[in-house]
Amino acid sequence: MSDDEQQQPAPVRGKVLEALARAERKVFTRPAPKSAKAQVKFLLTRAKGSTKAVAERLGVSRRTVERYRSGKLTTPQKRLQAALVEETESEWQPQVRAQVRAAASTSRGMMVEVTAYFGFTCTGSSDDGRERQITTDISPTYVKQILELQEAGATEEDLHPIVAEAITESYFTEWGTRADGLRADFTAVSSISFRF
C-alpha cells in the first residue's frame, strides 16, 4: 500500500443502516459508475472540482485523487474501493432517491424482512423472547421517523427502538387490533432488509 492510500480504515455501519442503503440502491434507474476513474470523476463533479473535498471523503491524499482522475492509478485497495462505491452511491441519483423516500414516508410505507431476537413486554402473559423471522409492512409514519433519524446521523442503537415499534404495530398487534399494550424489542439482528 502506498503512502498516498494509507489513511483511516473504512467506516463500519450497522445492519439496519446498511439495509437502508441497500434498499436505496435498488431504486436507481441507471447503474452508478463502476470504474475507479469514473467514480472519482463523478465525485469531483459533485464536489465542484475540489480534490481536497473528495480526498477527505475518501480518506486519501489529493495526489491519489488526481492519479485516479487521470487514469494513472486504476485498481484501488479494498478499503479505497469500498469508500469509492459508498461515496458514489450515496450521491447517485438524489432526485430518484428523494422521490422514493417521500412516497414511502407519506403514502406507501415500506416492507421489512428481519431475523432477530424479539423480547416482549405487556400486560398479561406473552410468549417468551426468541429469534423470529418476520416479514411485514411498516406504516409511512414509522418510515418517516426512520428516514429522518438516518438523515440526522443516527446510530444503529438509535434506530433499533423505532424499527421494533414499527414491527410491533404491524406484525404483533396488527395495527392495534390485538395484543393491546404489547411492546417488542429486538436485539441480536442476524439479517435485515428493507424494500421501498
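# Exercises on a predicted fold

Phe 186 is buried, with a relative accessible area of 4%. Keep this residue in mind for Exercise 4. The model is predicted.

**Exercise 1. State how many helices and strands the chain has, and the order in which they run.**

Solution. 
- Step 1: Count the elements. There are 8 helices and 3 strands.
- Step 2: The order is α-α-α-α-α-α-β-β-α-α-β.
- Step 3: Of the 196 residues in the chain, 43% are buried.
- Step 4: Look at the contacts between residues at least 6 apart in sequence. Of these, 68% join residues at least 24 apart.

**Exercise 2. Find how helix α1 is oriented relative to α8 and to α7.**

Solution. 
- Step 1: Recall what to look for. The angle between the axes and the distance between them describe two packed helices.
- Step 2: Take α8. Its axis lies 8 Å from that of α1, and the angle is about 75 degrees.
- Step 3: Classify the angle. Values from 65 to 115 degrees count as roughly perpendicular, so α1 is roughly perpendicular to α8.
- Step 4: List the residues in contact. α1 uses Lys 15, Val 16, Leu 17 and Leu 20; α8 uses Glu 156, Leu 159, His 160 and Val 163.
- Step 5: Sort them by class. The contact of α1 with α8 holds 5 nonpolar, 1 polar and 2 charged residues.
- Step 6: Turn to α7. The axes of α1 (residues 15–25) and α7 (residues 140–151) come within 12 Å and cross at roughly 105 degrees. Therefore α1 is roughly perpendicular to α7 too.
- Step 7: List this contact. Leu 17, Leu 20 and Glu 24 of α1 meet Ile 146, Leu 147 and Gln 150 of α7. By class, that gives 4 nonpolar, 1 polar and 1 charged residues.

**Exercise 3. Describe the largest nonpolar core and name the element that gives the most to it.**

Solution. 
- Step 1: Start with the size. This core has 36 residues.
- Step 2: Pick out the members that touch the most others. They are Val 114, Phe 118, Val 163, Ile 167, Ile 192 and Phe 194.
- Step 3: Find the contributors. The elements giving two or more residues are α1, α6, β1, β2, α7, α8 and β3.
- Step 4: α8 gives the most, with 7 residues.
- Step 5: Zoom in on Val 114. Set aside neighbours within four places in sequence. Val 114 then contacts Arg 132, Gln 133, Ile 134, Ile 167, Val 189, Ser 191 and Ile 192.
- Step 6: Check for another core. A second, separate one has 17 residues, including Ala 32, Ala 36, Val 54 and Leu 84.
- Step 7: Follow Ala 36. This residue is in helix α2, where Ala 36, Gln 39, Val 40, Phe 42, Leu 43 and Leu 44 are buried. The buried residues of α2 pack against α3, α4 and α5.

**Exercise 4. Classify the ring pairs Phe 118 with Phe 186 and Tyr 171 with Phe 172.**

Solution. 
- Step 1: A ring pair is described by the distance of the centres and the angle of the planes.
- Step 2: Count the pairs. There are 4 aromatic pairs.
- Step 3: Take Phe 118 and Phe 186. Their ring centres are 5.6 Å apart and the planes stand at 40 degrees, so this pair is tilted.
- Step 4: Phe 118 is in strand β1 and Phe 186 in strand β3, so the pair ties together parts 68 residues apart in sequence.
- Step 5: Check burial. Phe 118 has 0% relative accessibility and counts as buried. Phe 186, at 4%, is buried as well.
- Step 6: Take Tyr 171 and Phe 172. The centres are 4.9 Å apart and the planes at 90 degrees, so the pair is edge-to-face.
- Step 7: Tyr 171 is partly exposed at 33%, whereas Phe 172 is buried at 6%.
- Step 8: Phe 118, Tyr 171, Phe 172 and Phe 186 form one aromatic cluster.

**Exercise 5. Decide whether Lys 48 and Gln 93 are buried or exposed, and locate each one.**

Solution. 
- Step 1: Note the backbone of Lys 48. Its phi is positive, about 55 degrees, although Lys 48 is not a glycine.
- Step 2: Locate Lys 48. This residue sits in the loop between α2 and α3.
- Step 3: Apply the cut-off. Exposed means over 50%. Lys 48 has a relative accessible area of 78%, so Lys 48 is exposed.
- Step 4: Turn to Gln 93. Its phi is also positive, near 45 degrees, and Gln 93 is not a glycine either.
- Step 5: Locate Gln 93. This residue lies in the loop between α5 and α6.
- Step 6: Apply the other cut-off. Buried means under 20%. Gln 93 has 9% relative accessibility, so Gln 93 is buried.

Key:
Residues are numbered from 1 along each chain as its sequence is written. This is a predicted model: local features need pLDDT of at least 70, side-chain atom pairs count only at pLDDT 80 or more; totals for chains, interfaces and linings use all residues. Side-chain values use heavy atoms; hydrogens and water are left out. Buried means under 20% relative accessible area, exposed over 50%, partly exposed in between (1.4 Å probe, protein chains only). Helices (H or I, at least four residues) and strands (E, at least two) are DSSP runs, numbered from the N terminus. Contact means heavy atoms within 4.5 Å. Axes are lines fitted to C-alpha atoms, for helices over the stretch in contact, and angles run from 0 to 180 degrees between N-to-C directions. Angles under 35 degrees count as roughly parallel, over 145 as roughly antiparallel, 65 to 115 as roughly perpendicular and the rest as oblique. Ala, Val, Leu, Ile, Met, Phe, Trp, Tyr, Cys and Pro count as nonpolar, Asp, Glu, Lys and Arg as charged, and the others, Gly among them, as polar. A nonpolar core is a set of buried Ala, Val, Leu, Ile, Met, Phe, Trp, Tyr and Cys residues joined through side-chain atoms within 4.5 Å. Rings of Phe, Tyr and Trp (its six-membered ring) pair if their centres lie within 6.5 Å; planes under 30 degrees apart count as stacked, over 60 as edge-to-face and the rest as tilted.
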